[in-house]
Structures are given as C-alpha cells and as structure tokens.
Amino acid sequence: MKESKWTLLGFGVLGGVLAALLAFFGNPGNMALCIACFIRDTAGAMGMHNANTVQYVRPEIVGIVVGAMILALVRREYKSTAGSAPVMRFALGVMTMIGALVFLGCPLRMVLRMAAGDLNAWVALIGFVGGIATGALFLRRGFSLGRSYEGMPAGGGVLSVMLVVVLVLSVTTGIMMVSTQGPGSMHAPVLLSLVCGLAFGAIAQHSRMCFAGSFRNLIFTRDVSMILVIAGVFVAMLVYNIAGGTFHLSFAGQPIAHSQHLWSILGMYAVGLAATLAGGCPLRQLVLAGQGSSDAACNVLGMFVGAAIAHNFKLASSAEGTTPAGRIAVVAVVVVLLLVGLVGTRQKKD
Amino acid sequence: MLRKPQLRLVITFHTTAEALRTEQLARAAGLEGRLIPVPRQLSAGCGLAWSGAPETEKTLRLTLEGAGIQAEQMAQLTI
C-alpha cells in the first residue's frame, strides 16, 4: 500500500516525540538524538579516544540498529547483502564523522538544533544541501560504488550483535568508560534510551527516513514525500522547545555549538557529499546495517574510527569553536571526497 | 494537486547510477516515464526507480539489455 504524505509526516512527528522524550529525561541540550555524537560517545566509552567529556555507551545507537532489524525481520525485508566497495564505504564513514564533528552534529542533530532556534544550524544546512547537490552531480555523471550481493543470512546481523554485546557489557560491568562531566555525563535512563532507540529505528526503517536521500530524491524526482518525515521531526521538536522554553533564536549561546559559519558549512558539505556517495546519511546507514547490509555496517564502523581520529588528533570542535587541525582536516576531507567522486565517475565512463 | 492512481511499469535497480542511466536511455528512445522514489511496496530501500507506461515494458527490456543494465525488479503497480 502506498503511504500517504500525511502518514509520512506522522512518522516524522512520532520520531520527533521520541527525541523530545529523550531530551526531557536527560540527554544533552539540542542533542536529544545525534547519530554522530552518540557513536562518538560510544567509541569513547570503549576507549577508542580519551576525550573524557564524551564517553558513554549510548543505548539509542544499539536500539536504532536492532529496532530496524526487528521490523525488517517481521516484515520479511531483512536481506543480508555485501560486496559494494566495503573499504570505500568505511573511508566515507570516517570522513562523514570528521565533517560532522567539525560542525558538531549529524544531519539529525542539525535539524534538532534548527528546531531549537540555533541559527548556526540553519547556516550549516546550506553546506549540507550543497554537498548533496554535488553528490547528485556525480551520480548523474555515472558515479557508483557498485552493486551488493546477497550473502550468508547471519552476516548481516554481525553489527547488531556486536552493539548488543557492547551495551550488555556497559550495563552489567564497569569496563566501559563513563563521563562524569560534559555531554557524555548527560543522558536519559538506560531503559528509556533503549526503548526510544528501538522505536526510532523501527520508524526510520518503515518510513525510510534519510536526511541525504530525501534531498537527493527531491533533486532527481521533485518528490517531497521523504522530506515530510524530516519535517515531522522538526515540527515535533519545535513544539517541544517552544513549550519547554528551550527555543532561543540566536547564533550565540547555543548548547554544544559554535558560530564559525564557514567551518559549519564545510563540515556539513562533507557530510552531505559523503552521505550521497555512500547512499545514505548516518541514521540511514544504521538502519541499513540493521536490515542486513554489511556495506552499511562498514560505513558505521568507519564512523566509529572517524570519531576516534577526530578526538585523538583534536579535529573535533567544541563550544569554543573549531581547532586548527579540524579546519585543515575538513578541507582535506572535502578535497578527497571530490576526488572520490571524480575518479568514480571517470571509471564508469571508461 | 492530487494525481489519480494508475497502473505503471515500475523498474528498480541495484544502483542509483543505473536508474539515472535508464532515464537517459528512455528519454533518448522517446519513451514516456520518469524517475520516482522506489515504491515502499516493492522495497525497503530508499533509492530511485523508473516509472513508465506498462506498454513500454518490452521496449525497455530490450533497451536495458542492450545497455548491460540488470533490473532488480520489474513490476506493474497501481501508484
């Protein structure tokens, strides 16, 4: 059955309500649900980096992957696939994370920040859409990472199992690191985070929520249906912020954000371009990994490593602003992504 | 403006590049149709599909075969 536009908007609103719940019960300001930040926190908890303010195993990440997997299994849409340029997808994941941590958020957090009145996020949207438009240009000229192939059914569930093990170890042992200050110390109760993550993953799987794909589809088909899901998230969080007094229309004084616009634009340009070349934003990669795509799982693992690189080499920004290394890195990432697009396109033409 | 649902030939692909190439080929051949997001009833993927007139199926099959494009699915749907 074809889903009506209202239904898609409703799914988005439902996702936004879940994000609002997480914000209300303790997740950091304007960071109720951020794929990049939460992967970064989880990587930190496992000791992949030593930034002691951003270390905590986020159950939301585990929930999104497993929630998508459960719904895909129920709807018989789970398909274990692999073989589409896994190392390139890993590298795209690394670069996605570097861009996101220079801006300070993935596309989902960008929308949450926009809904809280953070004008810096509205500026970053220019970069994100520009990155997707550039990626669309490469796709139009024939860029492709190649097709994937169906494989051993269990293969598609490896990431889900790994993440569940990490979460179980986190709640039953003391081997994971936990921040006592900073964003990593702010979190909703574990069970609530997990349940919201599971529900969000199921919603994202069913509605095919994708921040990059929705703009890409708009460019190629002029179809707005996928953007409606995102609009729903925005509206729900806007209402929550206005009602709760957390809506502040300004550039300055926004939680865990900076106002260095050029770098916000370039950071999100890198995210938009990398996501379009990889076939989905960070959230979509988690959902695809849950549905059985080992290629998407490679991208997710790349984001874990990217988070470690960003913090170990001081590329990640903070509320004080970007770092010199971060600025160099994001320019390098943009150049590499453009080269990837050009080379991929040229190979296709040959 | 709401469009009345009608029977369409819908083709899905393994890659976005193949969908875009199909659009070029169909246009060059003068075949009616356009790219659409993959219908939810066909796939959980978020890629692009080709939607054309059902009577163009045979011509499209030959065109895709000639260009070395392998369709993932080809179905007639009311969308």
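**A helix pair in chain A**

Mentor: Start with the whole chain. With 350 residues, a compact globule would have a radius of gyration near 20 Å, and chain A agrees at 18 Å (taken over C-alpha atoms; the globule rule is 2.2 Å times the number of residues to the power 0.38). This is a predicted model: local features need pLDDT of at least 70, side-chain atom pairs count only at pLDDT 80 or more, and totals for chains, interfaces and linings use all residues. Residues are numbered from 1 along each chain as its sequence is written, while chains are lettered from A and ligands numbered from 1 in the order in which they are written.

Chain A holds 14 helices and two strands (DSSP runs numbered from the N terminus: helices are H or I, at least four residues; strands are E, at least two).

Now the pair. Helix H1 (residues 5-24) of chain A packs against helix H10 (residues 225-244) of chain A. The angle is about 40°, and the axes are 6 Å apart (lines fitted to C-alpha atoms, for helices over the stretch in contact; angles run from 0 to 180 degrees between N-to-C directions). H1(A) and H10(A) are therefore oblique to each other (under 35 degrees is roughly parallel, over 145 roughly antiparallel, 65 to 115 roughly perpendicular, the rest oblique). The contact of H1(A) with H10(A) has 17 nonpolar residues, six polar and one charged (Ala, Val, Leu, Ile, Met, Phe, Trp, Tyr, Cys and Pro are nonpolar; Asp, Glu, Lys and Arg charged; the others, Gly among them, polar).

Finally, the C-alpha trace of chain A spans about 55 × 45 × 45 Å along its principal axes.
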